[in-house]
Amino acid sequence: MVQSSSLAVLCAVPVLAVCFLARIATGLELSVNDHTADFSLTTYTDQSVSLSCLVQSSSQDEELLWYREDGQVNLEDENKVNVSNICIYPVTESDNGVTFTCMLARDESVQVSVTLDVQFPPQLSGEESLQIEEDKDVTLSCNSKSNPQSQAIWYKDNTTLTLQQDRYKVYQTSEVFQLSITKAQKSDNGTYTCVLQSSWGEYRKDFHLTVEDKKTPFPTEAVIAAAVVVTITILFGIVARRDKIFKCFKRSSETKL
């Protein structure tokens with residue numbers, strides 16, 4: 001572990017040195033919204049974010065470039081020299097964690113990046129009714145995506161749900177919060193509530209679960225077997241009486257002649 005850390009430091013030093021020497025060589029520095037180093041910007045959904053990149057101590061016109069992650073942003077010609085502005089509107093959940101970078105066109109090592117910290121509440125509301133047959137599995141699912149991440153808990157009939165390890169399972173990611181019930185029983189009837197608590201407040205969604213009686217399966221195999229038996233019986237009957245049937249057809253033909 002010590003050797004790995006030492007190697008990481010040794011590898012980082014040349015990179016920092018190159019970046020520093022590049023800035024010394026160009027004699028230029030960039031700033032984005034008055035920040036000369038990489039920074040994070042907190043914002044909210046449906047708002048607008050303006051980013052202004054400025055060349056510091058420029059003795060000549062310098063072209064600037066903007067990147068959104070690895071993709072270059074298209075700029076008008078008059079928005080490329082010495083000062084360049086971009087606007088993100090409206091800010092959406094998908095912009096969370098996205099990095100915008102302004103860099104010098106002739107020396108891309110001279111750059112400043114800003115990462116958006118887009119805050120938004122969970123989209124959780126309403127209620128849902130579910131009917132499930134006894135001994136079947138069922139999953140209740142809530143959209144728990146939010147920033148900052150919410151704390152989640154399940155209730156049954158307004159009481160904290162006690163999880164039975166053999167039948168109840170809770171699954172949670174940054175985007176979904178689920179409760180799975182294996183082989184639902186009549187005792188599982190009731191109202192389940194998904195509750196998300198965050199700095200935005202408390203958000204709830206109710207699931208009204210009804211466990212119905214087990215349905216008697218249609219005896220498909222028995223019906224098919226009976227049909228086969230009936231068909232075979234009819235065929236054997238025809239074969240056994242084939243002589244009489246043929247005589248009947250023969251007399252009918254002679255009568256017509």
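Which residues is threonine 43 in contact with, leaving aside its neighbours within four places in sequence? They are Val49, Val91, Asp117, Val118 and Gln119. The model is predicted.

**Threonine 43**
- Threonine 43 sits in strand β2, which covers residues 39-44.
- Its relative accessible area is 4%, so threonine 43 counts as buried; the cut-off for buried is under 20%.

**The largest nonpolar core**
- The largest nonpolar core contains 24 residues.
- Leu30, Val32, Leu51, Trp66 and Phe100 have the most contacts inside this core.
- At least two residues of this core come from each of β1 (29-32), β3 (49-56), β4 (64-68), β6 (83-88), β7 (99-104) and β8 (107-119).
- Strand β8 gives the most, with five residues.
- Another core, of 19 residues, lies apart from the largest one. Among its members are Leu124, Ile181, Ala184 and Val211.

**Leucine 51**
- Leucine 51 is one of the residues with the most contacts inside the largest core.
- Not counting residues up to four places away in sequence, leucine 51 touches Val32, Asn33, Leu41, Trp66, Ser84, Asn85, Ile86, Ile88, Phe100 and Val114.

**Surface patch**
- Ile224, Val228 and Ile232 make up a nonpolar patch on the surface.
- Together, these three residues have about 250 Å² of accessible area.
- Valine 228 belongs to helix α2, residues 220-240.
- Valine 228 counts as partly exposed because its relative accessibility is 42%; buried means under 20% and exposed over 50%.

Definitions and conventions. Residues are numbered from 1 along each chain as its sequence is written. This is a predicted model: local features need pLDDT of at least 70, side-chain atom pairs count only at pLDDT 80 or more; totals for chains, interfaces and linings use all residues. Side-chain values use heavy atoms; hydrogens and water are left out. Patches are made of residues with over 30% relative accessible area and no salt bridge: like charges are joined within 9 Å, nonpolar side chains (Val, Leu, Ile, Met, Phe, Trp, Tyr) within 5 Å. Accessible areas come from the Shrake-Rupley method with a 1.4 Å probe; for residues, only the protein chains shown count as cover. A salt bridge is a side-chain nitrogen of Lys or Arg within 4 Å of a carboxyl oxygen of Asp or Glu. Helices (H or I, at least four residues) and strands (E, at least two) are DSSP runs, numbered from the N terminus. Buried means under 20% relative accessible area, exposed over 50%, partly exposed in between (1.4 Å probe, protein chains only). Contact means heavy atoms within 4.5 Å. A nonpolar core is a set of buried Ala, Val, Leu, Ile, Met, Phe, Trp, Tyr and Cys residues joined through side-chain atoms within 4.5 Å.
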